[in-house]
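Please brief me on this predicted model. I would like the ring pairs, the charged pairs and the contact between the chains, in short points.

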Number of protein chains: 2
Amino acid sequence: MGTSLDAATSAGQLSAELLGAMAYGELSAFGRLSLDSREAPTLHDRSVLAKIAVGAYGNFALLSDRLWEIGVDPEHAMLPFQRSFDHFHERTKPGDWFESVMKAYVIDTVSSDFYRAVSMFLDSTTQHFVERVASPDQATEVLRVLLNRALADDPRLASRLALWGRRLVGEALTQAQRVGVEHPVLGPALKNTPDARAAVKTLTAELAAKHARRMTGLGLTA
Amino acid sequence: MGTSLDAATSAGQLSAELLGAMAYGELSAFGRLSLDSREAPTLHDRSVLAKIAVGAYGNFALLSDRLWEIGVDPEHAMLPFQRSFDHFHERTKPGDWFESVMKAYVIDTVSSDFYRAVSMFLDSTTQHFVERVASPDQATEVLRVLLNRALADDPRLASRLALWGRRLVGEALTQAQRVGVEHPVLGPALKNTPDARAAVKTLTAELAAKHARRMTGLGLTA
């Protein structure tokens with residue numbers, strides 16, 4: 001009975017940690033996107049990125065409510081992940097508006113793929129919840145259209161954005177692995193089993209392949 | 001008939017200009033509040049200010065939709081007011097979290113009073129619309145409670161925030177007058193009639209008095 005109680009606690013902790021990482025990810029994305037929106041070339045473009053930031057806040061609010069529901073203070077659940085997310089944003093400051101839009105698109109898509117993959121190891125309620133929050137939505141499509149339009153207007157952007165996309169996905173995958181390792185429950189488990197290490201490798205390869213397909217879809221060399 | 005058409009056009013332009021000023025005010029408040037939220041002492045406080053920023057974006061979206069409804073491109077309606085709002089934010093950069101909360105509260109309340117007062121001169125549809133967007137709401141109350149709590153926790157804050165509040169309202173009223181003067185339709189009218197000048201004086205005094213009552217409510221010397 002001790003074991004099944006431990007397993008239940010541990011599963012609960014895993015959910016809380018994933019939701020905490022996602023919550024801080026959305027709150028920090030809100031901050032970063034709203035900051036980047038100020039660099040938009042037109043007020044219309046500014047409002048588009050602001051709307052994406054508002055969507056990130058909406059996801060944060062859903063995650064925060066869900067954490068309270070399972071008896072966890074969101075602040076407590078988010079804190080362990082704050083440093084690595086902030087570090088990621090520090091390392092990937094967009095140089096201009098187009099790089100901001102690309103960053104928003106890459107974060108939105110890669111992190112959704114990551115969270116959904118990880119949620120497969122959790123209880124079905126958490127799994128469905130994560131599926132709902134981390135799905136490609138209208139915002140994803142708006143960003144894709146913005147990028148498509150920018151690339152059509154100025155084909156010289158392609159090589160710069162392709163490079164930036166590679167840089168971003170590299171940092172994002174490093175970040176995802178760091179989130180895994182810093183995960184107080186999942187981390188130690190991952191480090192000590194060859195199966196888990198293999199699973200992380202497989203997941204990283206899958207995330208990279210999905211990203212590459214999206215970049216190709218934009219006409220960029222992934 | 002020429003005259004009544006001119007009058008109608010001019011009334012429509014006045015509405016478009018007021019809505020444009022409000023729209024840019026909300027979009028710039030969104031940017032400023034989300035930036036300030038990053039300085040919050042806790043993630044909880046950060047999320048509170050982020051939510052207020054999201055509310056400002058929501059108002060911007062309503063105003064933007066309304067402008068499209070009356071056949072005006074929001075970008076076009078906002079541009080004439082961008083410089084003076086940006087200038088206001090440049091001149092009133094909060095020094096810390098408490099000054100950010102105070103600024104959010106002062107902007108929220110004084111600008112609502114201002115927009116509602118000006119809307120009285122417009123058609124009833126615009127008037128009702130402005131009344132709905134620029135009313136004290138949950139955000140206003142959240143900010144008031146935050147300030148009350150901060151002042152109770154640290155009474156030494158009172159003199160600093162009282163000074164900051166006076167500075168903010170001074171800048172806000174200068175800003176409101178500037179918005180009036182830069183108003184391509186309203187501006188020239190205001191400058192040329194003694195009645196209008198008197199009306200501006202009365203309005204300024206009313207806004208200052210309402211602000212003073214709110215500061216007194218917080219236990220601050222206005």
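Over all chains, the count comes to 9 aromatic pairs. An aromatic pair here means rings of Phe, Tyr or Trp (its six-membered ring) with centres within 6.5 Å; planes under 30 degrees apart are stacked, over 60 edge-to-face, and the rest tilted. This is a predicted model, in which local features need pLDDT of at least 70 and side-chain atom pairs count only at pLDDT 80 or more, while totals for chains, interfaces and linings use all residues. Residues are numbered from 1 along each chain as its sequence is written, chains are lettered from A and ligands numbered from 1 in the order in which they are written, and side-chain values use heavy atoms, with hydrogens and water left out.

**Aromatic pair**
- One of the pairs is A:Phe30 with A:Tyr57: the ring centres are 5.9 Å apart and the planes stand at 65°, so the pair is edge-to-face.
- A:Phe30 sits in helix 1 (residues 2-37) of chain A and A:Tyr57 in helix 2 (residues 43-69) of chain A, so the pair ties together parts that are 27 residues apart in sequence.
- Helices are DSSP runs (H or I, at least four residues), numbered from the N terminus.

**Salt bridges**
- The structure holds 24 salt bridges over all chains.
- The rule asks for a side-chain nitrogen of Lys or Arg within 4 Å of a carboxyl oxygen of Asp or Glu.
- A:Arg160 and A:Glu99 form a salt bridge through their side chains, at 3.0 Å from N to O.
- A:Arg160 belongs to helix 7 (residues 157-182) of chain A and A:Glu99 to helix 4 (residues 97-119) of chain A, so this pair ties together parts that are 61 residues apart in sequence.

- The same surface serves both copies, as 100% of the contact residues of chain B recur in chain A.

**Interface of chain B and chain A**
- In contact (heavy atoms within 4.5 Å) are 25 residues of chain B and 25 residues of chain A.
- Helix 1 (2-37), helix 2 (43-69) and helix 3 (74-91) of chain B each supply at least two residues of the side that touches chain A.
- Helix 2 of chain B gives the most to that side, with 10 residues.
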